[in-house]
Amino acid sequence: MESARNAPAPAPEPGPEPSGRTAPRRRAVRTLGLIAVAAVLGLVGGTAVGYGVQAQREPTPLPPLNQPGLAYPVKPLPKGQEPAPLAASQDRQAKFQGDLRKLLVPRPAGTKKGRWDGWVSLSAWVQGYTRPGTALQFQLENGVRRVAARSWEKGNRSVGVELVQYRPGSEIGAREFVEDQQRYASGDGEAGYAGEPLKGSSDGLFYVYPVQRKAGYLDLYEARAYAQRGDLAVAVVIFDTRKIAEKDIRSLAEQQLGRL
């Protein structure tokens, strides 16, 4: 339900998106917070003839290796020269299987705690979708495992950060989530452009939306960022009644990526 924007008010806790938004394809886009003053398939060609011809020919010997001595290891390393085990702080898999709450960016000093500050149940998390039932079904199909989130407010600015983890060893769910949100954010009626890259990520993008204006309401500004890191999907969103600088959303998203 869209909130009124006709008078300044303290920023509320993050809630669902305005009901006017529809779900892209099978699911709706998630919103981490709203302020009170604002609302391959691969193509397979036939190659039977080629394989038939090859089967009737004498095998062609392979050329010798240019560097035959590259086998590793040729012998065990001397005692005391073995590489040290990777520290847990540098082992991404170990970090991701631990407490995700410790990986969230800290709430800045001088801000008010928002709705989320730690673990978020899936049932509560999907309430931020315009179609919670459909969203939950999609996420379960993609192997969603757990969600940790942190949100805060200062004045009329509302900020939210989420880490959405999918089944261990699988990056498909996280990639699906991020790519779909990026497609939606780049569409008409949203940010309307392909997004800007985030440093430290091969696929991370951030978006600063055009201002939303409506007679009798305060202006609404919005910025979002999405990225994937292994089996984690990262989502960052900012809402405000004043213009949001690119560096605000970019630096926050890059700070969160730097902790993963």
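Biologist: Is Arg-213 buried or exposed?
Modeller: The model is predicted: local features need pLDDT of at least 70 and side-chain atom pairs count only at pLDDT 80 or more, while totals for chains, interfaces and linings use all residues. Residues are numbered from 1 along each chain as its sequence is written, and side-chain values use heavy atoms, with hydrogens and water left out. Buried means under 20% relative accessible area, exposed over 50% and partly exposed in between (1.4 Å probe, protein chains only). Arg-213 has a relative accessible area of 59%, so the residue is exposed.

Biologist: Which residue forms a salt bridge with Arg-213?
Modeller: A salt bridge is a side-chain nitrogen of Lys or Arg within 4 Å of a carboxyl oxygen of Asp or Glu. For Arg-213 the closest N and O atoms are 3.2 Å apart. The partner is partly exposed at 23% relative accessibility, and its name is Asp-219.

Biologist: How many salt bridges does the whole structure hold?
Modeller: Another of them joins the side chains of Lys-113 and Asp-117, at 3.5 Å from N to O. Lys-113 is partly exposed at 45% relative accessibility, and Asp-117 is partly exposed at 37%. A search of the whole structure gives a total of 9.

Biologist: What share of the residues in the protein chain is buried?
Modeller: Accessible areas come from the Shrake-Rupley method with a 1.4 Å probe; for residues, only the protein chains shown count as cover. The protein chain exposes about 14,900 Å², of which carbon and sulfur atoms supply 55%. Of its 260 residues, the buried share is 42%.

Biologist: Which residues does Gln-139 contact, leaving aside neighbours within four places in sequence?
Modeller: Gln-139 sits in helix 4 (residues 132-141) and is buried, with a relative accessible area of 1%. Contact means heavy atoms within 4.5 Å. With those neighbours left out, the contacts of Gln-139 are Trp-125, Tyr-129, Val-144, Tyr-166 and Phe-177.

Biologist: Why is the pair of Trp-125 and Tyr-129 called edge-to-face?
Modeller: The structure holds 3 aromatic pairs. Rings of Phe, Tyr and Trp (its six-membered ring) pair if their centres lie within 6.5 Å; planes under 30 degrees apart count as stacked, over 60 as edge-to-face and the rest as tilted. Trp-125 is buried at 0%, and Tyr-129 is buried at 3%. The ring centres of Trp-125 and Tyr-129 are 5.8 Å apart, and the pair is edge-to-face because the planes stand at 85°.

Biologist: How many residues apart in sequence are the parts tied together by Trp-125 and Phe-177?
Modeller: The ring centres of Trp-125 and Phe-177 lie 6.2 Å apart with planes at 35°, so the pair is tilted. Both Trp-125 and Phe-177 are buried. Trp-125 lies in helix 3 (residues 122-125) and Phe-177 in helix 5 (residues 172-185), so the separation of the parts, in residues, is 52.

Terms used
Helix = DSSP H or I, 4+ residues; strand = E, 2+ residues; numbered from the N terminus.
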